[in-house]
There are 2 protein chains.
Amino acid sequence: METTEMDQIRSRLEDHGYRLTPQRMRIVEAVLAEEDKHLSADDIYTILRENHPEIGIATVYRTLEILRELGIVNQLTFEEGVSRYEYSAREHHHHLVCLKCGKVIEFSNDELERLEQKLARKYDFQIVGHHLKLYGYCSLCQ
Amino acid sequence: METTEMDQIRSRLEDHGYRLTPQRMRIVEAVLAEEDKHLSADDIYTILRENHPEIGIATVYRTLEILRELGIVNQLTFEEGVSRYEYSAREHHHHLVCLKCGKVIEFSNDELERLEQKLARKYDFQIVGHHLKLYGYCSLCQ
DNA sequence: TTCCTTATTGATAACGATTCTCAATTTCAT
DNA sequence: ATGAAATTGAGAATCGTTATCAATAAGGAA
């Protein structure tokens with residue numbers, strides 16, 4: 001038998017004394033389904049309301065907090081006053097953010113992986129994710 | 001005569017139709033004085049209240065928004081629900097953030113400067129700042 | 001100067017994201 | 001089954017930030 005992503009997540013939760021309840025499973029599914037998006041707690045709540053209107057917004061926040069602490073999701077902030085979340089196992093990527101119009105361009109970079117290894121050793125950190133933001137002015141706002 | 005940092009900031013403001021009012025000057029002074037800190041709007045408001053209790057919190061927010069848009073300060077968010085600001089002309093640095101205890105370790109890195117140049121050309125971005133955050137678990141929280 | 005237009009301000013209300021409270025329910029280990 | 005602990009939903013509370021608005025200050029033209 002194979003180990004699914006959900007199985008792995010269940011183990012990770014249970015190893016830390018948490019239970020994978022039906023509500024938490026629905027929330028994880030939403031995050032996995034929208035892997036390429038940056039979802040806010042409210043985005044997830046809205047998605048779930050369609051088929052699972054019984055799940056409350058507080059549960060969404062509580063679950064995301066657990067997933068974040070366990071490194072299952074990355075919490076991203078874009079200076080807009082809302083936290084956004086992405087499944088952390090997806091390909092790493094970074095952002096160019098325009099200070100004027102707020103436009104965000106994503107990009108990937110391999111050099112950062114190496115840098116990460118170096119810093120992990122230097123500071124005795126177990127690194128599970130990273131996020132580079134470059135600030136500036138896009139071609140239209142210069 | 002020499003050009004002070006405040007002169008440069010005044011020019012930058014006036015070039016964009018903003019005035020360097022006494023209130024704004026006090027706020028800029030506070031940011032310059034605490035160059036090595038990450039100050040929240042409320043931190044600045046508290047500092048100013050000692051000698052300038054007439055300055056309102058709304059003015060602090062409005063001024064920081066202008067300074068941010070002009071790239072004079074960097075706006076940083078550490079997933080704590082508060083925006084923090086630092087004088088952008090200070091030496092660039094980055095952060096290792098512990099997902100468990102929230103501990104933040106600063107570090108500098110030269111390779112990122114080169115990467116920045118490359119991306120600026122590729123996406124026609126005028127880059128004025130950057131911020132790399134690495135997430136993980138510190139030595140005590142692993 | 002004086003006038004006029006515009007920018008800026010402080011106080012406070014409003015907003016919105018997130019967290020807290022708490023009683024009810026579910027889960028797990030025994 | 002049973003008891004302890006974890007989890008839940010609803011709504012209240014909190015808190016950072018933004019919007020409103022009348023009053024004030026600043027800069028340019030005459």
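**Close-up views of a two-chain predicted model**

**View 1. A hairpin of chain B.** In this predicted model, strands E4(B) and E5(B) form a hairpin with five residues between them. B:Gly102, which lies in the turn, has a positive phi of about 85 degrees. The two strands, E4(B) covering residues 94–98, pair in the antiparallel sense over four bridges. Within this pairing, B:His94 stands opposite B:Phe107 of E5(B).

**View 2. The two faces of strand E5(B).** In a regular strand the side chains alternate between the two faces of the sheet.

View 3. Six strands form an open sheet with mixed pairing, in the order E5(A)-E4(A)-E6(A)-E6(B)-E4(B)-E5(B). Its edge strands, E5 of chain A and E5 of chain B, each pair on one side only. On average, neighbouring strands are turned by 20 degrees against each other, direction ignored. Strands E6(A) and E6(B), each spanning residues 126–137, run antiparallel and are joined by 11 bridges. A:Lys133 has B:His131 in E6(B) as its bridge partner.

**View 4. Helix H5(A) across the sheet.** Helix H5 of chain A, residues 111–123, lies across E4 and E6 of chain A together with E4, E5 and E6 of chain B. The helix runs at about 125 degrees to E6(A).

**View 5. The buried face of helix H3(B).** B:Ala41, B:Ile44 and B:Leu48 are the buried residues of helix H3(B), residues 41–51. Seen down the helix axis, these residues fall within an arc of 65 degrees, so they line one face of H3(B). Their cover includes helices H2 and H4 and strands E1 and E3 of chain B.

How values were computed: Residues are numbered from 1 along each chain as its sequence is written. Chains are lettered from A and ligands numbered from 1 in the order in which they are written. This is a predicted model: local features need pLDDT of at least 70, side-chain atom pairs count only at pLDDT 80 or more; totals for chains, interfaces and linings use all residues. Side-chain values use heavy atoms; hydrogens and water are left out. Two strands pair if DSSP finds at least two bridges between them. Buried means under 20% relative accessible area, exposed over 50%, partly exposed in between (1.4 Å probe, protein chains only). The arc is that of the directions from the helix axis to the C-beta atoms. Contact means heavy atoms within 4.5 Å. Axes are lines fitted to C-alpha atoms, for helices over the stretch in contact, and angles run from 0 to 180 degrees between N-to-C directions.
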